[in-house]
Amino acid sequence: MKLAYYPGCSLKGTSFEYEVSLLKILEAMNIEIKEIPDWNCCGASAAHSINHNLSVALPARNLAIAEKDGYESVLAPCAACSNRLKNAAYELKNDDILKKKITDSLEMPYDSEMSINNMLEFLIGTVGKDKIKSMVKKPLSGLKVASYYGCLLVRPPKVMQFDDPENPVTMDELVALTGAEPVDYSFKTECCGAINSLSKPDVVMALTGNVLYDIKKHGADLVVVACPLCHSNLDVRQREIERKYDEKLGLPVLFITELLGLSFGIDPKDLAIDGHMVAADRVLKKIEGLANQR
Amino acid sequence: MSRIGVFVCWCGSNIAGTVDVEKVREEAAKIPGVVSALDYKYMCSDPGQNSLRNIIKEKNLTGIVLAACSPHMHENTFRKAAAKEGLNPYFVEIANIREQVSWVHEDKERATAKAVDLMKMMVEKVKRDRPIEDVRVPLNKKALVIGGGIAGIQAALDIANGGVEVILVEKEPSIGGRMIQLDETFPTLDCSSCIMTPKMVEANQHPNIKLYTYSEVEDISGYIGNFKVKIKKKARSVVEKDCTGCGECWNACPMHKNVKSEFNVNLSERTAIYVPFPQAVPLVPVLDRSVCLHFKKGGKCQKCYDACGPKCINFDLQDEIIEETVGAIVASTGYDLMDTSMYGEYGYGKYKDVISGLQFERLLSASGPTEGVIKRPSDGKTPQTIVFVQCVGSRDPEKGVPYCSKVCCMYTAKHAKLFAHKVHGSQSYVFYIDIRSTSKGYEEFVRGTMEQDGAIYLRGRVSKIYEDEGKLIVKGADTLSGNQVEIAADMVVLATGVIPKKGSDKLAQMLGISYDKYGFFTESHPKLRPAESSTAGIFLAGMAQGPRDIPESVVSGSAAASKILGLFSKNEYEVEGTIANVNEATCVACFYCQRVCAYNAISKKEIKDRSGKLIKVVANVNPGLCTGCGACVNACFSKSIDVKGFMDDQIYAEIKALAV
Amino acid sequence: MANTKTDEKLQKIAKDLLESGEVSLVIGYAKGSNLQRMRPVFITKAEDAGKLSFSPHAVQDLAVFLKKPEVKKFGKIGIVVKGCDEKAVNALIQEYQISRDNIKIIGMECNGVIRQNIADKGETNVSESAVYDKCLICEEHIPVLYDFLIESEEPKLVLSGNVKPYSGIEKLESMSAEEKNAFWAKEFDKCIKCYACRQACPLCYCSRCIVEKNMPQWIDTNSEETGNAQWNLIRAYHLSGRCIGCGECERACPVNIPLMLINEKMAKDVYNLFGYKSGLDINAKPVFGVFSESDFNDFIK
Amino acid sequence: MEDKDVKKEEHKAPKHGGDNSSDPRIIAFVCNWCTYSGADLAGTSRMKYSDNVRVIKLPCTGRIDPLFIVEAFKKGAKGVLVSGCHPGDCHYTSGNYHSRRKYATFRDLLGYLGVDLDRVEFSWVSASEGNKWVSIINEFTDKIKSLPGKSTDIFTKK
């Protein structure tokens, strides 16, 4: 399996837990990935609202490097990164004039149809359910887990070509593999407010609050995500939201890789679970308790 | 040797003003084989036709050329005139020197030269004309109607009342189709079963109608006048002629849970032996073997048999194949509703109280699962607030279909109205894109729903429906006020788009009729031949053609019927003789002709010697289906197929006549 | 040179087929009197299977025999085919000329066949410069369909890319109408209307060719310039979208008209227009038996 | 030299059906239902157009064999037009679709063998497009007249 790995900025910074846990479970599963050398920012959030060519050129450069190195598919764990990479690939495929412009400016050819995988696609498609299931050493049965998808993984559906955009289930399926119980709720794909986090925190708190309270209402013990931006809104803003709406949430927000890691029996510390704002101690205890019951 | 007569028409000054008609005549007389050349002021007039007929007789002509107006004008006139003198009407060719010469050119010398050319072409063509006899196809005066909804029933009744035998085939255990599932019908609010049931009974009792319910058309071959039909009568496990419809059997059936009623769109349960609804026609139950304990658990349970008075239940009945020969067919297979599960944001299937329009019809119906009391499927409570969402799937090229389903605006208005009538103090909201209410009384009806019955119409789409504390929260846009709205509803009714009945594409392939990309059968001509399919002898009716309401379905049923009665008013069906013809000696059976034929007119024919040994396979043209378009000729490498009236050697002769 | 292992395998298959009665005829290659030429052989008895052989000199497309009535009467037939020839078998099945049930395909992995003129000079090794152009563009070294496959013991064909197959096509495409006209006028002028191109073609199976139809006279039968051009055009037209590129017509032409330049050009254009390649799938509908509403329309006003 | 020829033509009454480019013979193969009717409409509307064209009527473009084009050239036509119903309008539902495939291929072949593709024209003209018929004929005639005097197709005797 020749798979290029595009970490993107978040995984090297604010969401280091995502990368740490990803590498950990890959190591456990004996799967090798290779970081794209000299990768650059995908341009997420900002580029496409300012300069269209730039928004294609930035991801295209990463794809071109991967292509040059002989890769046919790329793993981009960050939902925003995978979204931008997919968008660029889509535009290059469907617009020959743009492709010429971009490859000229990059001074690199890009011809192939690189297959770009977000984290969920990678786990379900490339790794496969059977493999994951076989890795589960510590089933999380009894744990109720809400999967939060956000917008970037599934939208726009024509470009993402991933799951049902209105009712995605891939992450729930992964949750079920760990033995935990997926919790159905109403705001799986509702926007968390994304980058308004810094400019309009009120908007973010309202939107993220909607999501979190709905999850709480449906009785989940924790939330899993596959997007650094979602994670930071749900995790970092949680305290503030609790204060603003005067109602306790206490919902740890984990990356899907962390949840898998836990079920694989990996030490939570190795998965960097202690790196989150909302402490997962209670959940971890519950997991231990469940394991001891058995 | 050819004896050709050439007649040059002046058309008053229409031709003679620009073309030197005498010169054309003179040139015609010089052509070998032309024995008579004449010019006359108006060839189409009685004296003109008479002189034409006289010369045919006098000179014993073998072919005539008229240098005159377009063949689309008077070809038939002159063919008839020639036929009266015993000349094969296809030995008449027209050189169009009016529309193609005198009316479009000004230089007389050049126009005349062109007229001479066109005349010469036709002389060369007519020399190579072979006699063509129109093909007469005998007609089996019996019709098959596929689909027993309102359109099919109407067609069957009209045909039967015209004195012609009809076979009506229905897939379901009862006829009635979609209409019998409806409650009251817009815009007059007469109850569907009240107006439908008598028609169903009439169809069942009509001496000219043979009814096959719980049956499907398995195979169709042949052509207009002579279709061979195989009908599979599925094993009903009940002997129809003995059954009294008393109901003892289904009352005795232990399987009264778990099996969802198709008729009530999953809102209630039925037994394994069942009639789909109390007014079913015929009132004979069907035993659903896929759920019956007798079949699933080794024949022990026979409670229905024990309960049956006339002992007409027979577990050993088998599927039966019935073969019929009919002369014409009506395809009226109706429609299905789109699967709305692709609208994940609306939660259909996830939230019990998000239902389809057809389900709401059943809730409204006095014979429905709630006996006409509107109750929520989740908890049986009567809803106080209902949100109706129109265009779910329709007019949505991204996720659904781009076309308008035509009936949803009206039935939604009806639903909101009936809801207001049945639940006092209730409130309904309708999300719509446009309101399409274009038939008689429709606009007034919708207005009434808004103004008298207080339904609030919101122009915009719904983005999401989710459950919150027992309420369905409907988020949508009101584009007229420019606001986002959220409505907490007790129930949501989705006006789902209509699509062709599942399997109608397969039926179309079996029938050899064309269908559009959605699967709706296409008309022979969308405006001028709306009742005919692309294949002779097969007619269309009802929603199988495209979205339409009840009156339109009835009209289309009657239209198909009148076409069939018209067809059957003669003993033979006449087809123009200009059809394809195979040279069996040189055909190598590559069947490219068959591939390009749009009419299924080409089949394989085995040529055998006297002992029955296969010598070769060749293409064979079915004269009842061939339209003479000539696509097959073009496809044939060895030129072993040709179309009469436009033979290759004729075209070559025309080209040669133009040689410079 | 013929490889004994390959030949043994081939002979065994043919012997078994004939012995079991699965086929009553095997068409294959046998060594010719001249070692650099293989000739077709028709085996009807299992004991004769030993005559069968295969080598890079097995140039002829044996599928051509499948259209012959004297071969057809055998009913079930086994045939030895290279990848290119096998496509002809597929096309014949697609066009109902033979039934898949009646044919056993003995597929030979082939790394190229040596041009006859070079072979006659003693060349026995497959190389870029020795093989036919069709071998250089071959994508079916292993036949796409077979009942038996005999893998090649020969070394793989190594392509440097220096030899450009069918380079004449691009050259012609870049010419003006007059230049093209002059080129082909000169070529067709040589034509003697012997119809060897037709006889050698596995897909020219009409029992009466259009050239033999005289009402109307589609093609001038005398060998003069307009009739020659007409014949060559109609032959190419009838094979457009059907030709599988075996090159037998060109090989058969006694006056060396470069017919493959026409055939390959048409195959290329049909592929560009309709995405269809002939002879790759027995279940595919031939390109001129179907249409798409969105077919190329730009040339029509 | 060219100039002289043209002048001579002007003095003389045009020789009809002449085989040089000043009075080229154009043969149009048209379908009965759309283009033939469209040409009729041009006539009933008394539109004027070039008189070089001769129309041969066939039931459908599906019946218009590409080989007719060759025969027309062989018999001295300087331009050949094939015209029928617009896609989707075929009276026989699909004749024009099948032919379009063949024409696209055949046209390539003609061009490759050295026929000046300016001499072959394809069009869709509906029964209501009398004006389109007129402009197609006029433009095509003008185009043929503008081509070099000598024909360059391989189907004419030199």
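Let's start with strands S4 and S5 of chain C: S4(C) and S5(C), which covers residues 148–150, pair in the parallel sense over three bridges. Two strands count as paired when DSSP finds at least two bridges between them. Strands here are DSSP runs of E with at least two residues, helices are runs of H or I with at least four, and both are numbered from the N terminus. In this pairing, Ile106(C) stands opposite Phe148(C) in S5(C).

Before I go on, this is a predicted model, where local features need pLDDT of at least 70, side-chain atom pairs count only at pLDDT 80 or more, and totals for chains, interfaces and linings use all residues. Residues are numbered from 1 along each chain as its sequence is written, while chains are lettered from A and ligands numbered from 1 in the order in which they are written.

Back to S4(C). What joins it to strand S3 of chain C, residues 77–81? Five bridges do, and these two strands run parallel. Here Val80(C) stands opposite Ile106(C). To get from S3(C) to S4(C), the chain passes through helix H3 of chain C, residues 83–94, in a right-handed β-α-β crossover. Right-handed means that, with the strands pointing away from the viewer, the path from the first strand over the helix to the second runs clockwise.

Is S4(C) largely enclosed or open? Five of its six residues, 103–108, are buried, so the rest of the structure largely encloses this strand. A residue is buried if 20 or more other C-beta atoms, placed from the backbone, lie within 10 Å of its own, exposed if 12 or fewer do, and partly exposed in between.

Among contacts in chain C between residues at least 6 apart in sequence, 71% join residues at least 24 apart.

Next, the cores. A nonpolar core is a set of buried Ala, Val, Leu, Ile, Met, Phe, Trp, Tyr and Cys residues joined through C-beta atoms within 7 Å. The largest one has 309 residues, and Ala67(B), Met119(B) and Ile79(C) have the most contacts inside it. Its largest share, ten residues, comes from helix H6 of chain B, residues 108–127. Leaving aside neighbours within four places in sequence, the contacts of Ala67(B) include Val24(B), Ile97(B) and Met119(B). Another core, of 93 residues, lies apart from that one, and Tyr110(A) is among its members.

H6(B) comes up again where chains B and D touch. There, 38 residues of chain B are in contact with 38 residues of chain D. On the chain B side, H6(B) gives the most, with seven residues.

Finally, a few backbone details in chain B. Most residues other than glycine have a negative phi, and most peptide bonds are trans. Asn60(B), however, has a positive phi near 55°, and this residue is found in the loop between helix H3 (46–59) and strand S3 (63–68) of chain B. Asn60(B) is exposed, with 12 other C-beta atoms within 10 Å. Glu371(B) also has a positive phi, near 55°, and counts as exposed with 10 C-beta neighbours inside 10 Å.

Where is the cis peptide bond with Phe186(B)? That bond joins Phe186(B) to Pro187(B), with omega about -5°. Another cis bond joins Val281(B) and Pro282(B).

Methods. Two residues are in contact if their C-beta atoms, placed from the backbone, lie within 7 Å.
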